[in-house]
Amino acid sequence: MTRVQLADTDLFVHPLQLGGNPFGWGADRDQSFAVLDAYAEAGGNFIDTADAYSAWVEGNSGGESETIIGEWMKARGNRDEMVIATKVGMHPKGHGLDPANIRNCVDDSLRRLGTDHIDVYYAHRDDDDVDQVAVAETFDALVRSGKVSYLGASNFSLERLQKARKISTKFSLACYRVVQDRFNLVSRAAVDPQKQAYLRSEGIAELPFHSLASGFLTGKHTGGDATGSVRGDRVADFVDDQKALGALEILHDVAANHGVTMTATAIAWQLTHDFIPSTIASARVPEQLTELLAGTEMQLSPDEKAALDGAWEEA
């Protein structure tokens, strides 16, 4: 069973982190349970969610994903086997990183998840409107209380990540040990070489999301037909981009050389980066997990990695 250490924490996780974003909208409760069961049976133990999932859906209010995950863990009796990550700051009724909001939201997440602690708790995105020392002190208090084991930052610029790290060091507070950013074969700007160097120097783990560029890297929607995908409209960002289509051709060739899918190859490429111990991808049905998991076992040759590395340059 594959396990990798998450930064310098005592958490050892599967290299595929299961995204909980679809639970409660793209996948109903029963479908979500089926995906979670299949993931656990394959050796998976790392689940990502957020208190805001999926407030954007008509009839939902946020917290649906956390609730389903909590009910699944209770039904299976496996909370101690799972590493659970969730986020604060984008719930419609708990927006931003005001200290009082963080304290209220973490308790709501704990209740929905049916647990007494969250393994990794993220600031879902940066907040310029609050005092950053107060934010750091609030997160530190959650760690000291035992409600949270480790901290993460999602969608933070390099400058803001560096500033947060300096505050934590200056006041001897718990610091961000992991980060989340959009990073895939055709979208790399959020984790540019400068940020990569900083993550390496500080021992911070990057756990990228949008691993398949909203489905574009599966190669199934190059004609612009996104039928069957709940996020298919986002593929339009790439299908008319000649640079992206060129990168997709290289991905196709590498996948064909291994006799695997482009999905698996896109995951494998992400995991060649030494600052990425695990990558986030979601599934609406168990069958989608097969390709994702295959990517965690695939080994790219140096020439294949170099070809994929050079397949895209941000404008």
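Residues are numbered from 1 along each chain as its sequence is written, and side-chain values use heavy atoms, with hydrogens and water left out.

**How confident is the prediction?**

- The average pLDDT of the protein is 94, and 95% of the residues score at least 70; pLDDT is the predictor's confidence in each residue, from 0 to 100.
- Residues 224–230 have a pLDDT below 50, and beyond near neighbours in sequence this stretch has 12 contacts in the model (contact means heavy atoms within 4.5 Å).
- Where pLDDT is low, the predicted coordinates should not be read in detail.

**The sheet**

- Eight strands make an open sheet with parallel pairing, in the order β11-β10-β9-β8-β5-β4-β3-β12.
- Strands of a sheet pair through backbone hydrogen bonds, either parallel or antiparallel.
- At the edges sit β11 and β12, each pairing on one side only.
- On one side, β8 pairs with strand β5 (residues 83–88) in the parallel sense over four bridges, and Lys87 has Tyr122 of β8 as its bridge partner.
- β8 also pairs with strand β9 (residues 148–154), again in the parallel sense, over five bridges; here Val120 stands opposite Tyr150 in β9.
- To get from β8 to β9 the chain goes through helix α4 (residues 132–145), and this β-α-β crossover is right-handed (with the strands pointing away from the viewer, the path from the first strand over the helix to the second runs clockwise).
- β9 pairs with β10 too, in the parallel sense over four bridges, and Gly152 has Val178 in β10 as its bridge partner.

**The core and its aromatic rings**

- The largest nonpolar core has 90 residues; such a core is a set of buried Ala, Val, Leu, Ile, Met, Phe, Trp, Tyr and Cys residues joined through side-chain atoms within 4.5 Å.
- Among the residues with the most contacts inside this core are Tyr121, Phe139, Tyr176 and Phe216.
- Helix α8 (residues 242–258) gives the core its largest share, seven residues.
- Leaving aside neighbours within four places in sequence, Phe216 is in contact with residues including Val186, Phe238 and Leu248.
- The structure holds eight aromatic pairs: rings of Phe, Tyr and Trp (its six-membered ring) pair if their centres lie within 6.5 Å, and planes under 30 degrees apart count as stacked, over 60 as edge-to-face and the rest as tilted.
- Phe139 and Tyr176 have ring centres 6.3 Å apart and planes at 70 degrees, so this pair is edge-to-face.
- That pair links distant parts of the chain, with Phe139 in helix α4 and Tyr176 in strand β10 (residues 176–180), 37 residues apart.
- Phe139 counts as buried at 1% relative accessibility, and Tyr176 counts as buried at 11%.

- The peptide bond from Tyr53 to Ser54 is cis, with omega near 5 degrees; Ser54 lies in the loop between β4 (46–48) and α2 (64–76).
- Ala7 is not a glycine, yet it has a positive phi of about 50 degrees, and it is found in the loop between β1 (4–5) and β2 (12–13).
- Ala213, also not a glycine, has a positive phi of about 50 degrees, and Ala213 is buried with a relative accessible area of 2%.

**Far along the chain, and how far in space?**

- Val285 and Ala34 are 251 residues apart in sequence and 7.2 Å apart in space, C-alpha to C-alpha.
- Val285 lies in the loop between β12 (279–281) and α10 (287–297), and at 30% relative accessibility it counts as partly exposed.

Definitions and conventions. Predicted model: local features only at pLDDT ≥ 70, side-chain atom pairs only at ≥ 80, totals over all residues. Pairing = 2+ DSSP bridges. Helix = DSSP H or I, 4+ residues; strand = E, 2+ residues; numbered from the N terminus. Buried < 20%, exposed > 50% of the residue type's maximum accessible area, 1.4 Å probe, protein only.
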